[in-house]
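New notebook page, new structure.

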Amino acid sequence: STDLTSTVGYDSIIQHLNDGRKNCKEFEDFLKERAIIEEKYGKELINLSKKKPCGQTELNTLKRSLDVFKQQIDNVGQGHIQLAQTLREEAKKMEDFREKQKLHRKKIELIMEAIHKNRNLQYKKTMEVKLMCCCFLPCGCTQPLLHLPCLSCFWQLFLKLAQTKSALEDTDRSYQQSVTTMEKIREEWQNEHIKACEFFETQECERINYFRNALWLHVNQLSLGCVQNDEKYEEIRRSLEMCSIEKDVDFFVNLRKTGSLAPAPVVYENYYNAQRNVTPARSPAPVPISRRGPLPTPTSAPGEPDYATVDGYSLV
């Protein structure tokens with residue numbers, strides 16, 4: 001602005017810096033809220049894996065897979081809690097950065113406020129002196145001295161004119177001094193204004209760079225969490241690869257078997273007619289149970305994906 005006392009440009013810069021600081025505070029609050037969510041989710045997963053029954057009566061290889069499953073779910077929960085702590089640390093770093101910039105900027109703002117105040121006061125004083133010079137009209141000095149009624153009136157007018165001339169010269173010198181002082185203050189203000197703008201520009205570049213890096217780091221932390229979780233899920237998949245249907249069935253049969261002989265057949269015994277000569281049937285000896293045939297192959301229901309694929313994505 002060409003107005004010497006205008007602060008429109010300076011105020012716009014300060015408003016932009018305040019908006020940037022507000023944006024950093026909003027991201028800081030976002031990280032804190034995300035940390036609360038991650039911590040709550042992690043604790044819920046841990047409670048779920050420890051307290052909720054999940055195949056607790058399974059045997060052998062499937063039981064081992066379920067144990068790995070629950071342990072890895074617990075580990076996933078621990079990972080979310082660790083992520084929550086990391087997010088809180090990043091939020092604290094953002095807060096420290098924001099407060100550090102605020103403190104440094106406050107020093108510059110105080111300097112500029114003092115210069116603006118001094119400049120405005122001197123400008124007002126200069127304009128007041130200028131107005132006095134412009135409006136200074138010697139009263140009665142325009143009368144022709146030859147038409148004065150008497151000599152005494154002539155001397156009175158001459159004395160008044162001399163006094164007026166002296167006052168006008170004093171006012172003019174005061175005006176010149178005010179203008180000179182105003183120019184020095186203007187140069188000082190301009191130099192400090194340039195320095196302040198350069199400082200604010202540097203701060204804004206640092207803020208944008210820090211904010212951008214903080215966002216990038218946050219996304220990397222989320223990606224790292226996903227990769228670590230997938231590694232835990234991979235442990236579950238590896239344990240499931242070791243799960244054997246035949247071994248689990250054989251394990252149950254051997255654990256709960258009651259013998260290797262089938263019960264003998266039930267034979268008829270005559271208790272009704274004792275006179276009748278009936279040769280009693282001999283009970284056959286128990287027959288050993290033959291080995292069962294091969295186990296059936298599990299099949300998926302129509303329309304259902306195979307257990308190792310999810311919407312076309314397979315790890316087998």
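Predicted model: local features only at pLDDT ≥ 70, side-chain atom pairs only at ≥ 80, totals over all residues.

I started with the surface: the protein chain exposes about 23400 Å², and carbon and sulfur atoms supply 58% of that area. Accessible areas here come from the Shrake-Rupley method with a 1.4 Å probe, and for residues only the protein chains shown count as cover.

Residues are numbered from 1 along each chain as its sequence is written, and side-chain values use heavy atoms, with hydrogens and water left out.

Next, the fold. I found four helices and two strands in the protein chain, in the order α-α-α-α-β-β along the sequence. Helices (H or I, at least four residues) and strands (E, at least two) are DSSP runs, numbered from the N terminus.

Then I looked up Asn60, which lies in helix α2 (residues 60-135). Asn60 has a positive phi of about 60 degrees, although it is not a glycine. Is Asn60 buried or exposed? Asn60 counts as buried because its relative accessibility is 17%, and buried means under 20% relative accessible area. Of the 316 residues in the protein chain, 23% are buried.

Last, contacts (heavy atoms within 4.5 Å). Among those in the protein chain with a separation of 6 or more, 87% come from residues 24 or more positions apart.

Key. Buried < 20%, exposed > 50% of the residue type's maximum accessible area, 1.4 Å probe, protein only.
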